[in-house]
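I opened this one with my notebook beside me and wrote down each thing as I looked it up. Have the sequence and the model ready and follow along.

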Amino acid sequence: LHTHLWDDQKAFDLAAYKEHFTKPQVVEEFLRFYKYGLLPMEEIFSVYNEYHREQAVALFHLFYYAKDWDTFYKTMVWARFHVNEGMFVYAVTVAVLHRADMQGIVLPAPYEIYPYYFFNDVVISKAQRYKMQGFYRMKKADGVYSAFIPSNYTGYYVHSNPEQRVSYFMEDIGLNAYYYYFHADYPSWMGGKEYGLYKDRRGEFYLYQHQQFLARYYLERLSNDLGTIPTFSWYEPIVTGYY
């Protein structure tokens, strides 16, 4: 699968290509991380982990400061085979959203890249069954098999935990996809001057959006007799969620 991409990345030498970046030092920055060990493949990536974030930002800089499409493409293909999957998706998403020459490019939706974060095991197992059985007795349309798998767009309405009363809101696929892109468009680590965003009022809009999210969440809690939002602190034990 994708043998041409494998061949392309083998022929690419990132260190020898640094003059093709508007800031050649970003190549040296990333290669330092690469030399001493990046987050391994198939490990869980979190932008809230300081070490993961530093590596992701270094990778983002490679994509962001590539001089042209050819450099961007070759760097991206190379990274696809050498960088943690979650870190790769995050860095590519942020770079595409912020590069002026990438406007209009449509990336796969997060629920297509990470279906297991948005759909439960029933949906995933049915999709795997179709694949393993070779789409038995199904007809092709324009050379492609089409399978319909019913899925609940939000969380299941069960009361194993009181907090699950608002699962229809918290587990909404559209809302979570929007929040994913919101974070990619407004990363907390992205400053203003370096990326030409110092007049963008990004901090103000970031806080405003979260105030709106919390206001709606508060409304849903009151509508389901859950009361006010409990106090939260990173420095205290976090209560286990309802799943």
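Domain bounds here come from an automatic or database domain assignment. With that, I noted domain 1 (4–107), domain 2 (108–151) and domain 3 (157–242).

**Ground rules.** I am working on a predicted model, where local features need pLDDT of at least 70, side-chain atom pairs count only at pLDDT 80 or more, and totals for chains, interfaces and linings use all residues. Residues are numbered from 1 along each chain as its sequence is written, and side-chain values use heavy atoms, with hydrogens and water left out.

**Domains 2 and 3.** I looked up the distance between the C-alpha centres of domain 2 and domain 3, and it is 29 Å. Six residues from domain 2 and five residues from domain 3 take part in the contact, where contact means heavy atoms within 4.5 Å.

**The core.** Next I went to the largest nonpolar core, which has 42 residues. Such a core is a set of buried Ala, Val, Leu, Ile, Met, Phe, Trp, Tyr and Cys residues joined through side-chain atoms within 4.5 Å. Buried is under 20% relative accessible area, exposed is over 50%, and partly exposed is in between (1.4 Å probe, protein chains only).

Which residues touch the most other members? I found Phe30, Leu59, Phe60, Phe63 and Trp189. At least two core residues come from each of α2 (25–36), α3 (50–64), α4 (69–82) and α5 (85–98); helices (H or I, at least four residues) and strands (E, at least two) are DSSP runs, numbered from the N terminus. The most comes from α5, with nine residues. Why does this core lie between domain 1 and domain 3? Both domains give residues to it, so it sits between them.

I then listed what phenylalanine 60 touches, leaving out residues up to four places away in sequence: Ala91, Val94, Ala95, Trp189, Met190 and Tyr195.

**Threonine 71.** I found this residue in helix α4. Is threonine 71 buried or exposed? Its relative accessibility is 0%, so threonine 71 counts as buried. With residues up to four places away not counted, threonine 71 touches Tyr17, His20, Phe21 and Ala66.

**Phenylalanine 169.** Helix α9 (residues 167–170) holds this one. Phenylalanine 169 is buried, at a relative accessible area of 11%. Its contacts, again not counting residues up to four places away in sequence, are Leu175, Arg216, Tyr217 and Glu220. From phenylalanine 169 to tyrosine 217 I read 48 residues in sequence and 7.9 Å in space, C-alpha to C-alpha.

**A surface patch.** As a rule, nonpolar side chains in soluble globular proteins tend to be buried together. On the surface, though, I noted a nonpolar patch of Leu214, Tyr218, Leu222 and Ile229, with about 340 Å² of accessible area together. Leucine 214 lies in helix α11 (residues 202–223) and counts as partly exposed because its relative accessibility is 48%.

**Positive phi.** Most residues other than glycine have a negative phi, and I wrote down two exceptions. Glutamate 42 has a phi near 70°; glutamate 42 sits in the loop between α2 and α3 and is exposed, with a relative accessible area of 73%. Aspartate 225 has a phi near 60°. Aspartate 225 lies in the segment after α11 and is exposed too, with a relative accessible area of 69%.

Conventions:
Patch = residues over 30% accessible without salt bridge, like charges linked within 9 Å, V, L, I, M, F, W, Y side chains within 5 Å. Areas by Shrake-Rupley, 256 points an atom, 1.4 Å probe, with all protein chains shown as cover. Salt bridge = Lys/Arg side-chain N within 4 Å of Asp/Glu carboxyl O.
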